[in-house]
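Hi everyone, thanks for coming. Let me put the structure up, and then I'll walk you through it.

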Amino acid sequence: MAAKLIMNSGEGREIFQWSAGFNVGLGEVDDQHAKLVELLNRLAQYHTSATFEGDVLTVFDELLAYTAYHFATEDKLMRDYAEDRAHVDTHRQAHREFIDMATAARTEAEASPNDATGNTIVFL
């Protein structure tokens, strides 16, 4: 998933803009990718907005939980349908790295939420 990055991050603006051009053709996966972008935009809103309403730790928790759900969906699809085992292994490794990064960012956010959100946005 590669959403268009928008650096004009004024109040209420999305930093990652989802479009149908990012769809992979599997409705369930496409919907999940769009939801992940929505969660990333909530982190970006916290990072760029003086009026963010909500708890950034809760957003990180939602991102981690939804990411685990999404990766389980993709893993099942790859297990059932993928023919290129090397691609599957590479994709699963990317999943593990993302979970590790998101978990570390969640921990960092407890002490320094602005640094954690900024680092997460740059990573993605």
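Threonine 73 sits in helix 2, which covers residues 56-81; helices here are DSSP runs of H or I with at least four residues, strands are E runs of at least two, and both are numbered from the N terminus. This is a predicted model, where local features need pLDDT of at least 70, side-chain atom pairs count only at pLDDT 80 or more, and totals for chains, interfaces and linings use all residues. Residues are numbered from 1 along each chain as its sequence is written, and side-chain values use heavy atoms, with hydrogens and water left out.

So is threonine 73 buried or exposed? Threonine 73 is buried, because its relative accessible area is 12%; buried means under 20%, exposed over 50%, and partly exposed in between, with a 1.4 Å probe and protein chains only. Leaving aside residues up to four places away in sequence, threonine 73 touches Glu28 and Gln32, a contact being heavy atoms within 4.5 Å.

Now, the wider picture. Along the sequence the pattern reads β-β-α-α-α-α, giving four helices and two strands. Of the 124 residues in the protein, 33% are buried.

On to the core. The largest nonpolar core has 21 residues, and Phe16, Leu43, Phe60 and Leu63 have the most contacts inside it. Helix 1 (27-48), helix 2, helix 3 (85-111) and helix 4 (113-123) each supply at least two residues of this core. By nonpolar core I mean buried Ala, Val, Leu, Ile, Met, Phe, Trp, Tyr and Cys residues joined through side-chain atoms within 4.5 Å.

Finally, among contacts between residues at least 6 apart in sequence, 56% join residues at least 24 apart.
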